[in-house]
Amino acid sequence: MNMTAQTLNPEVLGSLLDRLGHEAGRFRFEVAPNPCVGAAVLAAGEVVGMGYHETYGGPHAEIQALAVARASGVPQADWDTIAVTLEPCSTTGKTPPCVKAILDSGIQNVVVSQLDPNPSHEGRGLRMLEDAGLTVRVMDGICRLEDVSPHFLRWVANERVRRPRPWMIAKWAQTMTGQMTPPADVGEGRWISGQESLMEVQLLRAKVDALVTGVGTVLADNPRLSVRPPGRTEHPPARIILDSWLRTPTDARLFEEPAEGESAGPVIIMCLPGSNAVRWRALEQAGARIVEIRGEDRKRLRLLDVQSWLAREGHSRVLLETGPTLLRRYLESGFVDQVRMITGNVRGGEGPSLADWIQEAKLKQPMMRESGSDSVMEAFLGLEF
Ligand SMILES: NC(=O)c1ccc[n+]([C@@H]2O[C@H](COP(=O)([O-])OP(=O)(O)OC[C@H]3O[C@@H](n4cnc5c(N)ncnc54)[C@H](OP(=O)(O)O)[C@@H]3O)[C@@H](O)[C@H]2O)c1
């Protein structure tokens, strides 16, 4: 029997889409602000390949599902349907459009559970498929974005599109009392988390466009903020230092050549207008680009302007890796969309604790896991769903 999107049992399709959506949600912290999407290729009602959007900037679910179908050994001529939890993309972003991949596959039926809510895409991909003669069916109400990818609705919300700012991920390590600096006799007074979590940070750095830190961290830790394996080193993120008065030392390790096998993005120092011209020139000579940002109560950089600048420069996914002063400011500003909180197996510590903020925070879709001896909590912030 020739199965088509029209003849396939709606209950079977519905539960397949539900399952795809549920599985896709596992990758929510890896793909945000992109939506969680799952796809399946079917041949005569049997699933021959399933795939998910698993990593920001990585292949979309449709591409993954088509690859698995290809590896299944079921002849491509037998593939009749692709089910996707969100309308396939029709434009080239970080990857080529999925609509083209579907057309190239020869599949004749497309089932989706939801249109892309972005007004400039809504329905466009489906129209292109229909215009090419494919049968398209939308199963509204299954696998709703509100349930599967509420973060994506925040990303495409009008207010965010009108005034763009990056998707901000705050990552920090803390002791069991919520302090971000360990006791002096632990981890050389710097390291709270274990090797596994530190490796994960390299992976995360490789998947963001920029890193933001405060000058307090530069002065205390002298970090390089480079990307090292297992992180992919091809596109290291820009390193942005919020440094109102240009206190960054010209011999900071940020300016060193990355070591063999590592990579590091450009150093950009943000300061208040009218900062010391001599320091400005010296830091430029050391290799930094200096950017003036308006001040808030003439003391600190205005985070709204920092965020707008980042967006203008094309930094869509940004990682905040900073000390307690700037971190708290960011968390209270509402500009943080996602958190990764690593609690090390360390008692006590130095400096202010974030414990009070954590107790009050409205964490959405939290996920707890272990990483070596650390416990890791990831969650979204500021979602209304
Ligand atoms: N556990 C972790 O994950 C982690 C990560 C990083 C650092 N640390 C630790 O944190 C400690 C340093 O903490 P910190 O609080 O001094 O460093 P920080 O938060 O990295 O930097 C704070 C500085 O950023 C500058 N800044 C510019 N604009 C700002 C704004 N709008 N709001 C707030 N600050 C702004 C301010 O200096 P100006 O006024 O001069 O601009 C401020 O003093 C070190 O012990 C380090 O080891 C821990």
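Reader: Which residues in α12 meet α13, and which do they meet there?
Author: On the α12 side they are Leu303, Val306 and Gln307, and in α13 they meet Leu326, Arg329, Tyr330 and Ser333. Contact here means heavy atoms within 4.5 Å. Helices are DSSP runs (H or I, at least four residues; strands are E, at least two), numbered from the N terminus.

Reader: And where do the numbers come from?
Author: This is a predicted model, where local features need pLDDT of at least 70 and side-chain atom pairs pLDDT 80 or more, while totals for chains, interfaces and linings use all residues. Residues are numbered from 1 along each chain as its sequence is written, and side-chain values use heavy atoms, without hydrogens and water.

Reader: At what angle do α12 and α13 pack?
Author: About 85 degrees, with the axes 11 Å apart. That makes α12 roughly perpendicular to α13 (65 to 115 degrees). Axes are lines fitted to C-alpha atoms over the stretch in contact, and angles run from 0 to 180 degrees between N-to-C directions.

Reader: OK, the ligand. How many residues surround it?
Author: 24, and the closest are Ala173, Thr217, Ser244, Thr322 and Thr325. A residue counts as near if one of its heavy atoms lies within 4 Å.

Reader: Which element gives the largest share of that shell?
Author: α10, with five residues.

Reader: How far is the side chain of Asp221 from the ligand?
Author: One of its polar side-chain atoms lies 2.8 Å from a ligand oxygen. For Arg247, a polar side-chain atom is 2.9 Å from an oxygen atom of the ligand.

Methods
Polar contact = N/O pair within 3.5 Å; in protein donor to acceptor, adjacent residues only side chain to side chain. Parallel < 35°, antiparallel > 145°, perpendicular 65-115°, else oblique.
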